[in-house]
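Have a look at the structure first.

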Amino acid sequence: MNEDLRTGLSAILAARGEGGPWSWHSVAADARHEIWRLRAGAASLIVKVYRPAADRYYHHRWRREERALDLLSRQAPGLVPRPHGALLAPDAFAAVAMEDLGAESLAERLETADAAERAGLLERAVETLAAFRDVASRHQGMLRALAYQSDLDRITRDTLRRRLAIAVARLGNPSTAPEPDSAPRALAPDLPWRDLEAGIVRPLVRARRRVVHNGFSPLNLLPRSDGRLAVIDWETLAVAAPALDAADLLTFPSLALSPDDVEDLATRLADKSGDDGSMAVFWAAAAERSLTYAATAAVRQGRRQAASASDRASTYAARNRWYLRVFDDAIERLDLDARARRRIRDAVSGLNG
């Protein structure tokens with residue numbers, strides 16, 4: 001732990017009357033950034049630390065998250081963890097301290113929930129997404145400006161192609177590390193690009209664009225003591241088809257929703273928020289997200305196996321299988337003819353063993 005980080009953040013918290021001295025405890029998580037829990041007596045905070053060695057775009061992601069937390073905590077109290085301070089040391093690190101909501105995510109709670117509890121948790125998650133869409137609509141000018149502060153994490157034709165190509169490259173070889181600016185056709189030359197363009201890329205870039213969280217998964221939802229859910233991980237806030245957030249939520253493995261149930265809930269969300277309710281757009285989003293998450297699970301499974309962490313490896317293996325199944329379901333529902341759908345499935349089916 002960098003002493004400049006400890007000293008600087010402690011000074012900021014002290015200036016806010018937060019007290020101290022703080023003890024720092026690493027929070028184990030498969031995350032791009034460091035997560036720490038700070039304790040001083042009964043007080044507890046979470047600190048997210050961004051470092052250039054782990055993320056070349058650390059400064060942009062930190063700034064976006066810090067400002068999103070500040071804005072949303074004021075405009076929609078309870079929707080996000082309340083921020084307590086932020087610190088930037090150029091070329092060294094950045095950090096944001098926030099309310100500690102505990103260690104359990106909605107994803108973890110879903111793993112042990114029975115059917116009735118799972119239905120209630122899903123309902124709360126749907127309500128939380130609708131609440132975010134409402135506040136994002138009311139403050140879209142500020143949130144759009146924040147999302148467009150840099151080119152990072154924009155959802156465009158090129159970035160969608162690249163995400164598909166990177167996912168396929170990782171499924172074929174989980175140890176590969178494609179550059180984020182790699183040429184899609186060089187990474188995945190055997191993909192049926194014309195079919196992917198028509199069924200996935202074009203519907204998403206032509207859909208009505210709104211501010212999206214861009215990672216609205218149960219992994220990023222934390223239950224509050226009053227039963228509400230708070231949303232974390234705002235570093236990839238973007239402007240895109242709202243169906244991407246719906247797909248993040250509704251295709252999560254622990255929910256185990258059937259394609260028909262997914263479609264019903266996606267339609268309900270779209271109607272409630274006045275979004276584009278096209279199922280072609282939703283299933284395009286589900287196809288892109290499920291392929292990306294299947295690849296992420298394969299990469300993390302490999303890392304856990306290398307670290308002899310068999311329990312986590314099996315979790316990621318199960319997620320990988322689930323998301324590949326969702327991908328097949330989504331491809332079957334794309335607005336394509338049968339031959340195009342078959343070409344896409346055949347191109348992916350042989351990957352990942």
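The model is predicted, so local features need pLDDT of at least 70 and side-chain atom pairs count only at pLDDT 80 or more, while totals for chains, interfaces and linings use all residues. Residues are numbered from 1 along each chain as its sequence is written, and side-chain values use heavy atoms, with hydrogens and water left out.

Let's start with the helices. Helix 6 (residues 157-172) packs against helix 8 (residues 193-206) at an angle of about 130°, and their axes lie 10 Å apart. Helices here are DSSP runs of H or I with at least four residues, numbered from the N terminus. Arg157, Leu160, Arg161, Leu164 and Ala165 of helix 6 meet residues of helix 8 including Trp193, Leu196 and Glu197; contact means heavy atoms within 4.5 Å.

Now to the salt bridges, each a side-chain nitrogen of Lys or Arg within 4 Å of a carboxyl oxygen of Asp or Glu. The count comes to 29. Three of them are listed here:

| Pair | Closest N to O distance |
|---|---|
| Arg74 and Asp70 | 3.0 Å |
| Asp226 and Arg228 | 2.8 Å |

Arg74 and Asp70 are four residues apart in helix 2 (residues 58-75), which means a separation of about one helical turn. Arg289 has 1% relative accessibility and so counts as buried (under 20% relative accessible area, with a 1.4 Å probe and protein chains only). Glu288, at 0%, is buried too.

Finally, a network of salt bridges links Arg32, Lys48, Asp55, Arg61, Arg64, Glu65, Asp153, Asp233 and Glu235.

Terms used:
Axes fitted to C-alpha atoms, helices over the stretch in contact; angles between N-to-C directions. Helix = DSSP H or I, 4+ residues; strand = E, 2+ residues; numbered from the N terminus. Buried < 20%, exposed > 50% of the residue type's maximum accessible area, 1.4 Å probe, protein only.
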